[in-house]
Amino acid sequence: MNNRFFHIHGLAITLIIFLFIGLVKLVTFQSHYFDPFNNGMKDYEVTDIIYSQLRDKERVKRETRIALVHVEKPTREELAAVLERIAAFSPAVIGVDILLRGEKDSLGDHELRRVLDSIPNVVLAANLAPYVDSLKGIPEMIVSDSAFSGRVTSAYTNFLAGEDKTVRMFTPRLSTLDGQTHDAFGVALVRQYDDASVRRLLRRNNPAERIDYLGEYRSFLRKNGSDVLEASEEELSVLFRDRIVMVGFADSRDPDAPIEDRYFTPLNPVYTGRSIPDMYGMVIHANIVSMILDGRFIYELPAWVRTLLIIAFTYFNVQIIHRIYHWLPDTFHGITRIMQLIELLIFFFFVAFLFNEFRIKIDFSTGFLALILAYDVVMIYESLIRKRIPFLNNVNYEDENE
Amino acid sequence: MKMKMNKSQSILVPSGFGSSAQGTEELFGRLRAGAWPFRKRTAAPLRRPNALLILLAFFLLGQGIQAQDTRPPLVMFAEGEVRFAKPDGKSERVFTGMYLSEQGSIVLKKNSRVELIYNDKFVELKEPGTVTFDKIFGTAPQRKSFIQRFSNFVGRGLDQSSSARSIEKAYMANQSNAQGNIRGFGDRGLLDVFPFGGMVSPTEITFSWPEESGKSSYQFRLVDSLSEQVVLEVKTSRPAITLNLEELLLQDGNLYYWEAGPAVQSPATSGPKRLSRRSQPTTDYDRYTFTYVARDHAEVLTDIRSDEFYVKYSRPEQQMLIEAMLLEDAGFLAAAYDAYQRGLEVAPKDIILNRNYAAFLGRWNLRTQAKEIVEMTSKLPRE
């Protein structure tokens with residue numbers, strides 16, 4: 001057996017596999033006819049299964065440094081009353097996940113302005129303006145009305161996902177075209193609570209960070225805004241003192257709960273395809289805060305290392321499958337399929353293990369696809385392609401073996 | 001030679017225990033004699049042909065071996081009329097953020113709801129009526145599971161104190177437990193500080209803080225964290241003061257802080273300073289919070305002190321390690337610290353005790369001390 005020829009054929013087959021994958025990606029990214037593929041598969045990662053399926057749903061990790069106050073579209077006056085009550089119990093910082101656009105009723109506006117002016121540690125939600133292609137950037141951050149945002153910190157609440165996509169990442173800091181640098185909402189909250197944790201995050205120098213989700217709303221201490229106004233001092237002191245308090249829409253299990261500011265996350269039990277968004281923005285921010293405070297960052301392999309790994313993995317599999325094709329033609333189909341299944345299983349667990357135990361994330365989906373395609377491409381190559389290319393066709397396996 | 005334990009050891013340590021009353025002697029014996037050669041056998045698991053299978057097994061077992069949160073039950077959400085009935089017949093209103101004891105019942109009125117987490121288990125109650133904790137979270141722990149729990153604790157301690165790096169990891173992993181007492185402090189801020197947080201019983205306790213050269217007078221203040229009312233303010237000639245907390249009429253369940261340092265002309269009288277905002281320039285002393293509970297921490301030890309496992313099969317230093325575990329789990333950090341000290345008085349060179357003590361200190365932000373102990377134990381001869 002001349003291994004050199006197997007290597008030549010192996011390289012050719014590997015090349016065809018990646019050309020095919022490139023073509024599929026090109027088509028699916030550009031064609032609306034492939035929408036189910038786009039919306040179903042693009043929003044799915046192997047590591048999502050860990051969050052959504054392998055996680056023991058009975059076990060809930062508790063986060064005791066954050067308290068969520070649930071308010072449903074409060075009037076300015078109601079919001080002012082809730083904030084004033086919270087502030088009376090010395091929270092470390094208050095985050096208001098509500099954008100206060102424009103003026104409404106003058107009495108309520110006045111009251112809210114007065115309260116916000118009197119609280120030293122408030123972070124108000126803001127939104128980044130849409131990305132402008134022609135300017136190649138985000139023009140500005142849209143903050144609450146100047147009457148409210150004048151003396152408090154504003155931070156953007158945007159995540160790295162569209163309205164219908166899964167939120168897996170966030171941008172810790174971002175510069176807009178007006179020359180300003182802004183913090184993400186979670187980062188701004190932690191900055192006022194434990195600046196060292198923010199420095200640790202920013203030292204990683206990543207423009208975007210993956211969110212290591214602790215859990216859904218159940219992981220966080222919660223109180224309804226209306227109860228805040230009626231609760232005893234003892235209760236509120238226990239709940240708010242020295243904690244990061246976030247005010248906004250925390251949770252609702254009503255069938256007609258608002259869909260606004262509600263996102264898909266990897267914790268969604270339906271991890272691929274269409275389903276109902278599972279988490280409100282404020283709970284995602286709470287997860288981000290918890291992650292930053294704990295330093296639970298997710299590590300990813302550099303793109304070039306990942307690419308090399310995938311190429312080596314594909315080439316190795318092509319070599320084996322190609323040899324089986326020639327050496328065991330009768331059992332080629334069965335052996336190859338079993339081998340693919342076992343490899344997929346092992347790699348799935350390996351990727352899951354690295355993520356679960358060490359928070360190392362490897363996006364190996366292209367490698368998986370290449371493995372699946374290797375079987376068919378070997379057959380197509382041998383029966384169709386090789387025969388039409390004189391250079392490749394001149395290599396006769398039988399002769400080599402003699 | 002430095003002793004190192006990897007995760008595989010901490011998993012394997014508990015195996016084989018729990019089925020008999022051979023207890024700590026066998027556990028410690030195996031840890032001393034068996035654990036180190038075992039490490040040798042697993043020093044390079046990735047080089048073995050079945051390495052991947054081992055990795056897979058770890059992953060599959062992963063959910064089961066993750067350290068369980070053993071803090072008392074916490075109320076995550078409560079609305080309506082929810083009360084907690086204690087075994088002594090008293091009852092109190094339940095509200096979000098409140099820690100409950102492990103014995104008692106939850107009483108719900110109509111249209112009320114409560115969510116609790118205990119041992120990482122989430123429970124939501126919304127039907128009116130009375131439910132005991134045993135029913136909510138399963139039956140009371142059995143003796144077998146206690147031995148398992150203890151061996152897990154020892155294994156985790158050894159794991160967390162295998163190197164300076166693992167001490168740092170232990171500290172980071174415990175950050176979410178660090179409620180108020182240590183948040184925002186570097187390690188230096190807690191060196192020679194006692195008590196450094198958690199819950200404190202109505203006992204005689206010595207508050208101590210770092211000595212400053214050339215200072216012959218120190219000021220100590222004990223303050224109610226909620227009302228900022230000064231409970232006690234004294235001057236002392238040395239950096240320590242012994243108080244009987246029972247005599248100070250502190251309120252059960254209230255959060256207090258103490259602060260101390262060299263006496264100055266105008267004592268610290270400025271407004272509240274949050275630990276989390278310590279970066280702000282200030283001349284105030286550092287503040288250390290603790291929760292005063294009106295019950296004796298020895299209550300936590302009542303059951304184990306009559307248990308055969310503790311009485312018959314454990315040596316004094318091992319008994320102290322068991323007590324330290326139970327006290328730390330219950331939040332009595334100062335009492336746990338004392339238990340370690342008493343154990344080390346009896347057996348100052350016990351590797352298991354020293355390493356678990358180092359892990360304890362690391363978890364609670366006394367990392368420099370913890371690393372010194374790790375370094376010291378690496379030089380101790382193995383028994």
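Guide: What follows is a set of questions about terms, and please keep in mind that this is a predicted model.

Visitor: Why are helix H7 and helix H11 of chain A called oblique to each other?

Guide: Helix H7 (residues 185–193) and helix H11 (residues 281–294) of chain A pack at an angle of about 45 degrees, with their axes 9 Å apart. Angles under 35 degrees count as roughly parallel and those from 65 to 115 as roughly perpendicular, and H7(A) and H11(A) are therefore oblique to each other. As for the hand of this crossing, H7(A) passes H11(A) in a right-handed one.

Visitor: How do you know which residues of H7(A) and H11(A) meet?

Guide: Contact means heavy atoms within 4.5 Å. On the side of H7(A), A:Phe185, A:Gly186, A:Val187, A:Leu189, A:Val190 and A:Tyr193 take part, and they meet A:His285, A:Ile288, A:Val289, A:Ile292 and A:Leu293 in H11(A). The residues of this contact divide into nine nonpolar, two polar and no charged.

Visitor: What do you find where helix H6 and helix H12 of chain B cross?

Guide: The axes of helix H6 (residues 164–173) and helix H12 (residues 367–379) of chain B come within 9 Å and cross at roughly 145 degrees, and the crossing is right-handed. In H6(B), B:Ala164, B:Ile167, B:Glu168 and B:Tyr171 meet B:Arg367, B:Ala370, B:Lys371 and B:Val374 of H12(B). The residues of this contact divide into five nonpolar, no polar and three charged.

Visitor: What makes strand S3 of chain A mostly covered?

Guide: A residue counts as buried when its relative accessible area is under 20%, and six of the seven residues of strand S3 (residues 122–128) of chain A are buried.

Visitor: How do you know that strand S2 of chain A and S3(A) pair?

Guide: Two strands pair if at least two bridges are found between them, and three bridges join strand S2 (residues 93–96) of chain A to S3(A), the two running parallel. In this pairing A:Gly95 stands opposite A:Val123.

Visitor: In chain B, why are strand S8 and strand S11 called edge strands?

Guide: They belong to an open sheet of five strands in the order S8-S14-S13-S10-S11, with mixed pairing. Strand S8 (199–200) and strand S11 (230–236) each pair on one side only. Strand S10 (residues 218–224) of chain B pairs with S11(B) in the antiparallel sense over six bridges, and B:Gln219 has B:Lys235 in S11(B) as its bridge partner.

Visitor: Which strands are at the edges of the open sheet of four strands in chain B?

Guide: That sheet has the order S3-S2-S4-S7, and its pairing is antiparallel. The edge strands are strand S3 (91–93) and strand S7 (129–132), while the twist averages 25 degrees from one strand to the next. Strand S4 (residues 105–108) of chain B and S7(B) are joined by four bridges in the antiparallel sense, with B:Ser105 standing opposite B:Thr132.

Visitor: Finally, how many helices and strands has chain B?

Guide: Chain B has 12 helices and 14 strands, and 51% of its 383 residues count as buried.

Note on methods:
Residues are numbered from 1 along each chain as its sequence is written. Chains are lettered from A and ligands numbered from 1 in the order in which they are written. This is a predicted model: local features need pLDDT of at least 70, side-chain atom pairs count only at pLDDT 80 or more; totals for chains, interfaces and linings use all residues. Side-chain values use heavy atoms; hydrogens and water are left out. Axes are lines fitted to C-alpha atoms, for helices over the stretch in contact, and angles run from 0 to 180 degrees between N-to-C directions. Angles under 35 degrees count as roughly parallel, over 145 as roughly antiparallel, 65 to 115 as roughly perpendicular and the rest as oblique. A crossing is left-handed if the near helix is turned anticlockwise from the far one by less than a right angle, and right-handed if clockwise. Ala, Val, Leu, Ile, Met, Phe, Trp, Tyr, Cys and Pro count as nonpolar, Asp, Glu, Lys and Arg as charged, and the others, Gly among them, as polar. Buried means under 20% relative accessible area, exposed over 50%, partly exposed in between (1.4 Å probe, protein chains only).
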